[in-house]
Amino acid sequence: MNKPERITFAQALEDYILSKDKLLSPATVRGYRSMQRNSFERINSCYIEDITEKTVQQWVNTLAHYSAKTIRNRVGLFTVVMHQNGINLNMKSVTLKPKIKPDYIIPSEDDMVRIARAIRNSKIEIPVIIALTLGLRQSEIASLKWANYDGVYLKIDGAIVPDEHNKLVEKRENKSYESKRILEVPDYLKELLDKSYRFNERISPHTPQYILKQLHKICRENGIMPYTMHSLRHANASTMLKLNVPDKYAMERMGHSTPTMLKQVYQHLYREEQAAIATRINDYFNTILR
């Protein structure tokens, strides 16, 4: 009986990516390809069955210049590649960089007002207000079509992300099951959408890169810190915390996953409360943005 072919980690990694690329999101494949190019030089030529916990530790040490999260992402990819080939190392023996709580820079209420005024009547007003009042991801905003808006509700059911060649592609599956959601549109945003000239099927026809560049430019011109669209999503989450919105509803609006019985089984019992929360958030932004 012939012995199985010995393969290097580089070969095993390529096989793993090719075996998954039709199932994974373009953004995930893009991330894997980036890690493949930049993170495994130390072990690429090693035969996988010869890799030990000591080998892994030596490799991880070469990644010390990365953040703790980045290192864990690379170790995670390494681990699943090894698992696919029937090799299960004791990764608990490998020391990683300790996690550091990220220090997010989030717009204050005053800054939210200043941003809303600064972008008024600009090409990026609608996507920025969507991020601010609904907390959508930038990839979700890029995917929104006018067909997603019925005059009252906005349906979020896709995303536009860069693929492994850095080309923007549309995916109909959201980041998680809970990311597919329907949100009531606040009055302030509704007025913008209703009066907007629909020259394109997209609510926001500009690329995420263009929107971010223009947001930074407008912020700098108005003496505002150059926040990102993701900062505005964080601001929306902070607003819900300020308004004492229960975690369940905040997570639902943000499209976050939660494997709890409450969310999976009893969610249909809370529709009246959801409507009340939508009204509270609507009233808040009507007050500060007008």
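Analyst: A friendly starting point: a residue counts as buried when its relative accessible area is under 20%, and as exposed when that area is over 50%. The structure is a predicted model.

User: Thanks! Why does Asn282 count as buried?

Analyst: The relative accessibility of Asn282 is 10%. The cut-off for buried is under 20%, so Asn282 with its 10% counts as buried. This residue sits in helix H13, which runs over residues 271–289.

User: What is Asn282 in contact with, leaving aside its neighbours within four places in sequence?

Analyst: Pro186 and Asp187 are in contact with Asn282. A polar atom of the Asn282 side chain lies 2.9 Å from the backbone nitrogen of Asp187. A polar contact requires N or O atoms within 3.5 Å, and the distance here is 2.9 Å.

User: What makes Arg181 a buried residue?

Analyst: Arg181 has a relative accessible area of 6%. The limit is under 20%, and therefore Arg181 is buried. Its place is in strand S4, residues 181–184.

User: Which polar contact does the side chain of Arg181 make with another side chain?

Analyst: The partner is the side chain of Glu140, at 3.1 Å.

User: Which residues is Arg181 in contact with, apart from neighbours within four places in sequence?

Analyst: Among them are Leu136, Arg137, Leu154, Lys155, Arg233, Glu252 and Gly255. Lys155 is 26 residues from Arg181 in sequence, while their C-alpha atoms are 6.1 Å apart in space. For the chain as a whole, 70% of the contacts with a separation of 6 or more join residues 24 or more positions apart.

User: How do you know that the span of helix H10 agrees with what 14 residues should give?

Analyst: The expected span is 1.5 Å times one less than the number of residues. For the 14 residues of H10 (229–242) this gives 20 Å, and the end C-alpha atoms are 20 Å apart, which means that the two values agree. Among the buried residues of H10 are Met229, Leu232, Arg233, Ala235 and Met240.

User: Which residue with a positive phi follows H10?

Analyst: Asn244 does, with phi near 60°. Asn244 has this positive value although it is not a glycine, and it is found in the loop between H10 and H11.

User: Is Asn244 buried or exposed, and why?

Analyst: At 64% relative accessibility Asn244 counts as exposed, because the cut-off for exposed is over 50%.

User: What is known about how much of H6 is buried?

Analyst: Ten of the ten residues in H6 are buried. They include Glu125, Pro127, Val128, Ala131 and Thr133. Just after H6 comes Gly135, with a positive phi of about 75°.

User: In the largest nonpolar core, which residues touch the most other members?

Analyst: Ile115 and Ile203 do, in a core of 48 residues. Among the elements that give two or more residues to this core are helix H5, H6, strand S1, helix H8 and H13. H6 gives the most, with seven residues. Beyond its neighbours within four places in sequence, Ile115 is in contact with Val128, Leu215, Cys219, Ile224, Tyr227 and Leu232. A second, separate core has 24 residues, including Met35, Ile48, Ile71 and Val94.

User: Over how many bridges do S2 and S3 pair, and in which sense?

Analyst: Strand S2 (159–162) and strand S3 (168–171) pair in the antiparallel sense over four bridges. At least two bridges are needed, so the four bridges of S2 and S3 make them a pair. Ala159 has Lys171 as its bridge partner in S3, and Pro162 stands opposite Leu168.

User: Which residue takes a positive phi in the hairpin of S2 and S3?

Analyst: Asn166 takes a positive phi near 65°, in a hairpin with five residues between the strands. Asn166 is a residue other than glycine.

User: And the chain as a whole: how many helices and strands are there?

Analyst: The chain has 13 helices and four strands. Buried residues make up 43% of its 290 residues. The accessible surface comes to about 16400 Å², and 52% of that belongs to carbon and sulfur atoms.

Methods
Residues numbered from 1 in each chain as written. Predicted model: local features only at pLDDT ≥ 70, side-chain atom pairs only at ≥ 80, totals over all residues. Heavy atoms only, no water. Buried < 20%, exposed > 50% of the residue type's maximum accessible area, 1.4 Å probe, protein only. Polar contact = N/O pair within 3.5 Å; in protein donor to acceptor, adjacent residues only side chain to side chain. Contact = heavy atoms within 4.5 Å. Core = buried A, V, L, I, M, F, W, Y, C linked by side-chain atoms within 4.5 Å. Areas by Shrake-Rupley, 256 points an atom, 1.4 Å probe, with all protein chains shown as cover.
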